[in-house]
Amino acid sequence: MRWLRRLLVLLFALALLAALLVITVVVPIFDGRSNQVRVIPLPPLDSAAARLHRTLAVADLHADQLLWPRDLTERSSRGHVDLPRLVEGRVALQVFSAVTKTPRGLNYERNDSTTDMIRILGIASRWPRRTWSSRVERALYLAEKFDRAVAESEGGLVPIRSTADLTSLLSRRASNSALVGGLLSIEGAHATEGTIAGLERLYDAGYRMVGLTHFFDNEVGGSSAGVTKGGLTRFGREAIEWMAERRMIVDLAHASPRLIDEVLAANPRPVVVSHTGVQGTCPGPRNLPDDLVRRIAAAGGLIGIGYWEAAVCGLAPDTIAAAIAHTVRLAGVEHVALGSDFDGATTTGFDTSRLALLTDALLRRGFSPEEVRLVMGGNVFRFLLAELPPR
């Protein structure tokens, strides 16, 4: 039997070695390949744009950095977002989204909900066992990960859960521009597992924005890339009412047109579309048509323009600026914002440290400095100060 014990020890050692290889090599490689910055020819940064950008407080409505096995407080050679690069880009507020489930073979046309790639990523990244079969627990774990980063940042990363938090941050940044606020958002209300109790747990963990859908239909309603592409469910209406009472912000990114219609009719508060493109400059099922852009703005909403190719049909800052300009023409400058989708398994033309390139592109498009200031962050701050819970 000695040979059997030796074999078992050898097999156990090989299993540990394989797990270590996945954790230290395979997952980081997957992260690096999923979240790339592609080198593209760019015009030199105009000195006036550089000067203006140094005075900005930038806000970005969507990044998925928490999904990946990186230290948010340390500069990384992978991906798009970390605290040092946020500071370099003059970002005052970053919305950090929690992804809790994605389908295999993800696409913009049609996905069902039968597969779960985040479970595989979570196991490979050593997420706690409680997350393996629970979407609520995944969201709670990612909130804990954010809270650890806040503690490790020694005051550099500031959690934003209320208007009081945001007012304090903006006041403190007047003398310390290295402070970055972080607001937690859910990407897909399937993280609630179809219960108000689940939604309440997310609120208690610090989430203040809820994307109703992601790449598939869920308990709340239809996705633009789902099977039915339907509207609000009965639970969806209940959840909308609960969120309105607690001033949780509804995010309609990834929502089907029918879901957007029904939420605008049912929700008494303005909504955001945190990261999107617009069909006026880049046709596609994921991007907003002109009529919905107008309706969201008319309801007091905010539209965050993304940076990835399927959103704006290019990677250069000027393609993003073109989408912003089109949205401004439809909605008015006060309803347009940034929604990068950094670290959302996206390839972009720059990372968050080089946001001055977008300031430059907007100025080249004819935006005034004050209009640039609004789009780059001012609109988000005004919206959040009106819509977040007071304390």
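The following exercises, each with a worked solution, concern a predicted model.

Residues are numbered from 1 along each chain as its sequence is written. In this predicted model, local features need pLDDT of at least 70 and side-chain atom pairs count only at pLDDT 80 or more, while totals for chains, interfaces and linings use all residues; side-chain values use heavy atoms, with hydrogens and water left out.

**Exercise 1.** Determine how helices H9 and H10 pack.

*Solution.* Two packed helices are described by the angle between their axes and the distance between the axes.

Step 1. Locate the helices: H9 comprises residues 257-266 and H10 residues 290-298. Helices (H or I, at least four residues) and strands (E, at least two) are DSSP runs, numbered from the N terminus.

Step 2. State the geometry: the angle is about 20° and the axes are 11 Å apart. Axes are lines fitted to C-alpha atoms, for helices over the stretch in contact, and angles run from 0 to 180 degrees between N-to-C directions.

Step 3. Classify the angle: H9 and H10 are therefore roughly parallel (under 35 degrees; over 145 is roughly antiparallel, 65 to 115 roughly perpendicular, and the rest oblique).

Step 4. List the contact (heavy atoms within 4.5 Å): Pro 257, Ile 260, Asp 261 and Leu 264 of H9 meet Leu 292, Arg 295 and Ile 296 of H10. These residues of the contact divide into five nonpolar, no polar and two charged (Ala, Val, Leu, Ile, Met, Phe, Trp, Tyr, Cys and Pro count as nonpolar, Asp, Glu, Lys and Arg as charged, and the others, Gly among them, as polar).

**Exercise 2.** Identify the buried residues of helix H7 and what covers them.

*Solution.*

Step 1. In H7 (residues 196-204), the buried residues are Ile 196, Gly 198, Leu 199, Leu 202 and Tyr 203. Buried means under 20% relative accessible area, exposed over 50%, and partly exposed in between (1.4 Å probe, protein chains only).

Step 2. These residues cover an arc of only 155° around the axis, which puts them on the same side of H7. The arc is that of the directions from the helix axis to the C-beta atoms.

Step 3. Their cover includes H5, strand S5 (180-187), strand S6 (207-211) and helix H8 (234-246).

**Exercise 3.** Is Thr 352 buried or exposed, and which residues does Thr 352 touch?

*Solution.*

Step 1. Thr 352 lies in the loop between S11 and helix H13 (356-364).

Step 2. At 0% relative accessibility, Thr 352 is buried.

Step 3. Not counting residues up to four places away in sequence, Thr 352 touches His 80, Val 81, Arg 85, Leu 86, Gly 89, Val 91 and Phe 342.
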